[in-house]
Amino acid sequence: MILGSFSPSLQAFELGLGFSAIEEGDDRFRPGILVDMSSGEVWRSRAYYYGRKYGPITERTMLISVYRYLDIMRVFNTNFLRASVGGVVMNERTELDFKEDEDEVENNFNLGATIGVHTYIKIGDSFFVQGSVESHLFLAGLGGILLANGRKQMISLASGAVF
Amino acid sequence: MKRFLAVCFIMCLMTYSWPVYGEPEDWVDLADDDEVEQRKREIEESREQPENFDCGLGNSDGQKFNNTHGLSLKFGPPGAQNGHSNPLGIPPGIQDIEFTYINKCGFEGGASIVPRITFGARYRSGQFFYGSVGGGLLITANALGPGVYSAVGVNFVRTTSFNFEFEFKQGLGIGQRYKNGNAQIISPYAFRFGLGYYW
């Protein structure tokens, strides 16, 4: 019964903001922000942004993912947990700001898959809170034939409004 | 006369010493038509609808794989938070191997070097996708500890007893560092494919 209260139906359009702890395979978590959008009950979209500046180097990373809920985690026959699969596009931008020499900017785009687990809680009729653990997988070039991959994991909490 | 009496005596002895297999009312009555018909109906019904073994988890959608035992062997590189995963070894190294057992209820138990020992429940929806959640003992390159896990998998190239599986499993837990014993969040993962046998 308690878990059943976490099974609301999604409204037409949802927009939310949140923050996430991002791990890039190096056993360190770094903060990031996210924007969460949904226009239906099945498909959802997210954008992550994080970065750091050290000395003349500025790193900025942005990921945009589109994923679909799968009804494959009906714990105790509820929608308390929702699994998702989808695709993601990432841009890792590195800016070199030298005072004497010409500045350099490098953009690296990558296409990958996103797999995640979410829990969705509706507050009243107009607000929602969603917690997520997502893994964004990117195959490592030709090593991807043998499943070598890089992962960016996001542990996120987002809240927003339902329109 | 004496011979007649002797024969009678002998016959009496044979009658009372002859092996007796119980009285007629003790024999099993196999000729009850109503019971036979009821038993026939039960057999026909069991053949039409396989018994549901969801064991209260609500994870069975009537697919055959939910009503059978299964054992899968999967290969693939894990990620232990010490840099990204390496390519799958040829032949696969011990860190690339994972065994998973699924029982009729849909409970599953997995064993591998990374993410380690897991126990949970598998849920299915449709013909291809399945998901698993549960907990267990997780390990990374720097720490070991308890946690929860989730997995998303795809079944394809299926026969009656065999099927290929692609699965991504990720764990999240709190571990104790080997060096100084401090607690930290650990999140190992593995991306594997393999063969499952169901009986």
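**A guided look at chains A and B**

Visitor: What percentage of the 199 residues of chain B count as buried?
Guide: Happy to start there, with a predicted model in which local features need pLDDT of at least 70 and side-chain atom pairs pLDDT 80 or more, while totals for chains, interfaces and linings use all residues. Residues are numbered from 1 along each chain as its sequence is written, and chains are lettered from A in the order in which they are written. A residue is buried if 20 or more other C-beta atoms, placed from the backbone, lie within 10 Å of its own. For chain B, that share is 32%.

Visitor: How many bridges join β7(A) to β8(A)?
Guide: Strands pair if DSSP finds at least two bridges between them. In chain A, β1-β2-β3-β4-β5-β6-β7-β8 form a closed barrel with antiparallel pairing. Within it, A:F138 stands opposite A:G150 in β8(A). The bridges joining β7(A) to β8(A) number 13.

Visitor: Which element gives the most to the side of chain A that touches chain B?
Guide: Contact here means C-beta atoms, placed from the backbone, within 7 Å, and it takes 30 residues from chain A and 30 residues from chain B. On chain A, β5 (82-96), β6 (104-123), β7 (127-139) and β8 (149-162) each supply at least two residues. With four residues, the top contributor is β8(A).

Technical notes. Contact = placed C-beta atoms within 7 Å. Buried ≥ 20, exposed ≤ 12 C-beta atoms within 10 Å, placed from the backbone.
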